[in-house]
Amino acid sequence: MSQDVVYQRPLFGGKISSTFPNRFQDVSDIRQVPDHQEVFADPSRDESLIVELLEFKPDIADDGSAAWFLQDLAREQDAEGTVVIEQSGVLEAPGLMYNNIPAVVTTAVGQMAISKGRQGREAQNIVKVYLANLRVKGVDTDVLITAYEPIVINPFSESADTVGAGMAVPASQAGCMSMDEVFKLAATSFKVYDWSLFDASRP
């Protein structure tokens, strides 16, 4: 049974919101985060949740867009052994329609070996990655909601100091909401309150 308390969290100065457990702390309180991202982490479990606003990529087809962004993320992070475990079809997102231009969402789940920060490949952790691509075409924006769940912590990883090396403790055993559920909640509760945000926030 999950003991997590969930809250609707204001993002990007309250212009957007999403709901997820309060155990995820705002990383911008600790270090600088790029303007087009909101990053939250639970250091005790080495889990994280990122909301990112990107310029819309018209050359990427809606069908399979989340899997494309997942592979792109793996390349950016110099990941190894990346596999896409599952991906959804294209779903309409009526709440994100703008100027009568429909918005759609696709999701993908993958697994990859990645290192923390500037650590080398000898410190790679095996991580499950959940990614939702909300294609808000009315404002030419690809929103990415990405959740990271460690599966195996490398003894050389800096994460091992906090959560210990080896197989990660399952969420149910720790009394937490699973990352699968955290991800679904964050993606389905995503709301826009002030559309002017999209004029200036993307890289």
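Mentor: Start with strand β1 (residues 6-11), which is joined to β2 by six bridges and runs antiparallel to it. Helices (H or I, at least four residues) and strands (E, at least two) are DSSP runs, numbered from the N terminus. Two strands pair if DSSP finds at least two bridges between them. This is a predicted model: local features need pLDDT of at least 70, side-chain atom pairs count only at pLDDT 80 or more, and totals for chains, interfaces and linings use all residues. Residues are numbered from 1 along each chain as its sequence is written, and side-chain values use heavy atoms, without hydrogens and water.

Trainee: Which residue in β2 stands opposite glutamine 8?
Mentor: Threonine 19 does. Four residues lie between the strands of this hairpin, and phenylalanine 12 takes a positive phi near 50° there.

Trainee: What else does β2 pair with?
Mentor: Strand β12 (residues 191-192), antiparallel, through two bridges. Isoleucine 16 has valine 192 of β12 as its bridge partner.

Trainee: Is β2 (residues 16-21) mostly covered or mostly open?
Mentor: Buried means under 20% relative accessible area, exposed over 50%, partly exposed in between (1.4 Å probe, protein chains only). In β2, six of six residues are buried.

Trainee: Which residues are buried in helix α4 (residues 179-188)?
Mentor: Met179, Val182, Phe183, Ala186 and Ala187. They sit on the same side of α4 because they cover an arc of only 120° around the axis. The arc uses directions from the helix axis to the C-beta atoms.
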